[in-house]
Amino acid sequence: MVRTREDDSLKLMKDSVERSIIINATPEEVFEVATGFEEYPKWAGVRTTKVLSREHKGLGKLVYMTIKMFGHHLTYTLQYTHDAPKKMMWHAVSGTIKALVGTYDFVPMGPTQTKVVYKLSVDPGFFVPGPVRKATAKMVAWCALKGLKKYTELPATKARFAQHHKSGGGGFSWPHPPASWPHLPWGGAPVAPVEVVVKKKSLWQRMMCCFE
(Lines give C-alpha, C1' and ligand atoms only; values in the text may rest on other atoms or scores of the structure.)
Protein backbone atom coordinates (compact mmCIF):
# COMPACT_ATOMS: atom_id res chain seq x y z
CA MET A 1 0.00 0.00 0.00
CA VAL A 2 1.39 3.41 -1.00
CA ARG A 3 1.34 6.06 1.71
CA THR A 4 0.25 9.57 0.73
CA ARG A 5 0.94 13.01 2.21
CA GLU A 6 -2.63 12.96 3.53
CA ASP A 7 -1.86 9.73 5.43
CA ASP A 8 1.25 11.33 6.90
CA SER A 9 -0.73 14.44 7.87
CA LEU A 10 -3.44 12.45 9.67
CA LYS A 11 -0.83 10.49 11.60
CA LEU A 12 1.12 13.66 12.38
CA MET A 13 -1.93 15.52 13.75
CA LYS A 14 -2.22 12.97 16.56
CA ASP A 15 1.12 14.27 17.85
CA SER A 16 0.43 17.98 17.34
CA VAL A 17 1.26 20.81 19.73
CA GLU A 18 -1.42 23.25 20.85
CA ARG A 19 -1.23 26.91 21.90
CA SER A 20 -3.91 29.57 22.33
CA ILE A 21 -4.23 33.33 22.74
CA ILE A 22 -6.97 35.95 23.32
CA ILE A 23 -7.29 38.62 20.61
CA ASN A 24 -9.29 41.82 21.02
CA ALA A 25 -11.36 41.43 17.87
CA THR A 26 -14.37 39.47 16.68
CA PRO A 27 -13.97 35.98 15.16
CA GLU A 28 -14.93 37.45 11.78
CA GLU A 29 -12.15 40.04 12.00
CA VAL A 30 -9.50 37.56 13.14
CA PHE A 31 -10.60 35.15 10.41
CA GLU A 32 -10.15 37.88 7.79
CA VAL A 33 -6.59 38.54 8.92
CA ALA A 34 -5.75 34.82 9.16
CA THR A 35 -6.96 34.23 5.59
CA GLY A 36 -5.18 37.26 4.15
CA PHE A 37 -2.27 35.14 2.95
CA GLU A 38 -0.59 37.97 1.04
CA GLU A 39 0.01 39.63 4.41
CA TYR A 40 1.68 36.63 6.06
CA PRO A 41 5.30 37.84 5.61
CA LYS A 42 4.38 40.82 7.81
CA TRP A 43 3.33 38.80 10.85
CA ALA A 44 3.34 35.00 10.41
CA GLY A 45 7.06 34.26 10.19
CA VAL A 46 7.03 33.09 6.57
CA ARG A 47 9.35 34.67 4.00
CA THR A 48 7.11 34.64 0.93
CA THR A 49 3.58 33.58 0.02
CA LYS A 50 1.65 33.18 -3.22
CA VAL A 51 -1.99 32.19 -3.55
CA LEU A 52 -2.14 29.60 -6.36
CA SER A 53 -5.90 28.99 -6.35
CA ARG A 54 -9.00 30.16 -4.52
CA GLU A 55 -12.34 28.77 -3.44
CA HIS A 56 -15.52 30.13 -5.01
CA LYS A 57 -15.87 32.57 -2.09
CA GLY A 58 -12.42 34.01 -2.78
CA LEU A 59 -10.59 32.35 0.10
CA GLY A 60 -7.16 30.91 -0.64
CA LYS A 61 -7.23 27.17 -1.29
CA LEU A 62 -3.68 26.38 -2.43
CA VAL A 63 -0.96 28.65 -1.05
CA TYR A 64 2.77 28.42 -1.77
CA MET A 65 5.10 29.49 1.08
CA THR A 66 8.79 29.66 1.92
CA ILE A 67 10.21 29.61 5.45
CA LYS A 68 13.45 28.97 7.29
CA MET A 69 13.03 26.19 9.87
CA PHE A 70 15.34 23.67 11.52
CA GLY A 71 18.26 25.52 9.89
CA HIS A 72 16.93 24.84 6.38
CA HIS A 73 15.13 26.92 3.77
CA LEU A 74 11.86 25.05 3.21
CA THR A 75 9.28 25.51 0.47
CA TYR A 76 5.84 23.94 0.38
CA THR A 77 2.28 24.31 -0.88
CA LEU A 78 -0.53 24.13 1.67
CA GLN A 79 -4.10 23.16 0.91
CA TYR A 80 -6.64 25.03 3.04
CA THR A 81 -10.23 24.30 3.99
CA HIS A 82 -12.41 26.80 5.84
CA ASP A 83 -15.47 26.90 8.06
CA ALA A 84 -15.82 30.67 8.20
CA PRO A 85 -15.46 32.26 10.66
CA LYS A 86 -15.04 29.33 13.06
CA LYS A 87 -12.11 27.32 11.76
CA MET A 88 -9.42 26.94 9.11
CA MET A 89 -7.35 23.80 8.43
CA TRP A 90 -4.36 23.09 6.24
CA HIS A 91 -1.91 20.39 5.21
CA ALA A 92 1.10 20.25 2.90
CA VAL A 93 0.45 18.76 -0.54
CA SER A 94 3.88 19.38 -2.12
CA GLY A 95 7.30 20.83 -1.44
CA THR A 96 10.54 20.09 0.39
CA ILE A 97 8.78 19.27 3.66
CA LYS A 98 7.50 15.73 4.28
CA ALA A 99 4.35 16.63 6.19
CA LEU A 100 2.83 19.68 7.84
CA VAL A 101 -0.67 19.96 9.24
CA GLY A 102 -2.36 22.62 11.32
CA THR A 103 -5.63 24.23 12.39
CA TYR A 104 -6.90 27.56 13.71
CA ASP A 105 -10.09 27.57 15.81
CA PHE A 106 -11.73 30.97 16.40
CA VAL A 107 -13.82 30.85 19.58
CA PRO A 108 -15.92 33.92 20.54
CA MET A 109 -15.20 35.07 24.10
CA GLY A 110 -17.56 38.04 24.18
CA PRO A 111 -18.69 40.77 21.79
CA THR A 112 -15.16 41.91 20.90
CA GLN A 113 -12.81 39.10 21.93
CA THR A 114 -11.76 35.84 20.31
CA LYS A 115 -9.79 32.90 21.63
CA VAL A 116 -7.61 31.47 18.87
CA VAL A 117 -6.49 27.85 19.32
CA TYR A 118 -3.59 26.80 17.09
CA LYS A 119 -2.66 23.14 16.56
CA LEU A 120 0.47 22.34 14.55
CA SER A 121 2.65 19.37 13.71
CA VAL A 122 5.62 19.24 11.35
CA ASP A 123 7.75 16.43 9.92
CA PRO A 124 10.56 18.08 7.93
CA GLY A 125 11.57 14.84 6.25
CA PHE A 126 15.11 14.88 7.63
CA PHE A 127 16.44 13.93 11.05
CA VAL A 128 15.62 16.29 13.88
CA PRO A 129 15.56 14.95 17.47
CA GLY A 130 11.98 14.47 18.61
CA PRO A 131 12.15 16.91 21.56
CA VAL A 132 13.73 19.59 19.33
CA ARG A 133 11.08 19.11 16.65
CA LYS A 134 8.26 19.41 19.16
CA ALA A 135 9.81 22.40 20.93
CA THR A 136 10.28 24.15 17.60
CA ALA A 137 6.65 23.48 16.63
CA LYS A 138 5.52 24.99 19.95
CA MET A 139 7.59 28.12 19.37
CA VAL A 140 6.40 28.45 15.76
CA ALA A 141 2.78 28.20 16.95
CA TRP A 142 3.31 30.72 19.75
CA CYS A 143 5.13 33.21 17.50
CA ALA A 144 2.38 32.95 14.89
CA LEU A 145 -0.31 33.57 17.52
CA LYS A 146 1.54 36.59 18.89
CA GLY A 147 2.00 37.93 15.38
CA LEU A 148 -1.69 37.38 14.56
CA LYS A 149 -2.73 39.19 17.74
CA LYS A 150 -0.40 42.13 17.21
CA TYR A 151 -1.34 42.56 13.54
CA THR A 152 -5.10 42.22 14.15
CA GLU A 153 -5.04 44.76 16.99
CA LEU A 154 -3.05 47.40 15.07
CA PRO A 155 -4.99 50.69 14.80
CA ALA A 156 -4.51 50.60 11.02
CA THR A 157 -6.03 47.10 10.84
CA LYS A 158 -8.96 48.16 13.04
CA ALA A 159 -9.50 51.17 10.76
CA ARG A 160 -9.67 48.87 7.75
CA PHE A 161 -12.27 46.72 9.49
CA ALA A 162 -14.35 49.83 10.17
CA GLN A 163 -14.03 51.03 6.58
CA HIS A 164 -14.83 47.56 5.25
CA HIS A 165 -18.01 47.29 7.31
CA LYS A 166 -19.00 50.90 6.58
CA SER A 167 -18.75 50.24 2.85
CA GLY A 168 -21.14 47.31 3.22
CA GLY A 169 -18.54 44.55 3.07
CA GLY A 170 -19.82 41.27 4.39
CA GLY A 171 -19.24 37.58 4.15
CA PHE A 172 -15.94 36.19 3.02
CA SER A 173 -15.86 36.63 -0.75
CA TRP A 174 -13.43 39.51 -1.29
CA PRO A 175 -11.59 39.57 -4.62
CA HIS A 176 -7.84 39.45 -5.08
CA PRO A 177 -6.70 42.98 -4.07
CA PRO A 178 -5.55 45.32 -6.83
CA ALA A 179 -1.85 46.21 -6.87
CA SER A 180 -2.70 49.73 -5.69
CA TRP A 181 -4.16 48.29 -2.47
CA PRO A 182 -1.30 46.08 -1.27
CA HIS A 183 -2.24 46.04 2.39
CA LEU A 184 -5.91 45.07 2.11
CA PRO A 185 -6.55 41.31 1.90
CA TRP A 186 -10.31 41.89 1.60
CA GLY A 187 -10.03 44.44 -1.23
CA GLY A 188 -11.75 47.37 0.51
CA ALA A 189 -10.90 51.02 -0.04
CA PRO A 190 -7.81 52.10 1.91
CA VAL A 191 -8.29 54.38 4.89
CA ALA A 192 -4.79 55.85 4.70
CA PRO A 193 -1.44 54.81 3.28
CA VAL A 194 0.22 52.26 5.53
CA GLU A 195 3.92 51.64 5.31
CA VAL A 196 4.98 48.22 6.53
CA VAL A 197 8.66 47.40 6.58
CA VAL A 198 9.33 43.67 6.54
CA LYS A 199 12.68 42.84 8.09
CA LYS A 200 14.05 39.46 7.11
CA LYS A 201 14.70 37.45 10.25
CA SER A 202 15.51 33.82 10.74
CA LEU A 203 13.00 31.64 12.54
CA TRP A 204 15.30 31.51 15.56
CA GLN A 205 15.44 35.33 15.73
CA ARG A 206 11.65 35.43 15.56
CA MET A 207 11.43 32.74 18.23
CA MET A 208 13.50 34.86 20.59
CA CYS A 209 11.07 37.73 20.03
CA CYS A 210 8.34 35.52 21.48
CA PHE A 211 9.92 35.84 24.91
CA GLU A 212 9.66 39.64 24.84
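A: Glu-29, Glu-32 and Val-33 in H2 meet Thr-157, Lys-158, Phe-161, His-164 and His-165 in H5; contact means heavy atoms within 4.5 Å. Helices are DSSP runs (H or I, at least four residues), numbered from the N terminus. This is a predicted model, where local features need pLDDT of at least 70 and side-chain atom pairs count only at pLDDT 80 or more, while totals for chains, interfaces and linings use all residues. Residues are numbered from 1 along each chain as its sequence is written, and side-chain values use heavy atoms, leaving out hydrogens and water.

Q: At what angle do H2 and H5 pack?
A: About 110°, with the axes 12 Å apart. Axes are lines fitted to C-alpha atoms, for helices over the stretch in contact, and angles run from 0 to 180 degrees between N-to-C directions. H2 and H5 are therefore roughly perpendicular, a label that covers 65 to 115 degrees.

Q: Switching to Glu-38: where does Glu-38 lie?
A: In the loop between H2 and H3 (40-43). Glu-38 is partly exposed, with a relative accessible area of 27%; partly exposed is the range between buried and exposed, the latter being over 50%.

Q: And what is 6.1 Å from Glu-38, C-alpha to C-alpha?
A: Thr-49, which sits 11 residues apart from Glu-38 in sequence.

Methods: Helices (H or I, at least four residues) and strands (E, at least two) are DSSP runs, numbered from the N terminus. Buried means under 20% relative accessible area, exposed over 50%, partly exposed in between (1.4 Å probe, protein chains only). Angles under 35 degrees count as roughly parallel, over 145 as roughly antiparallel, 65 to 115 as roughly perpendicular and the rest as oblique.
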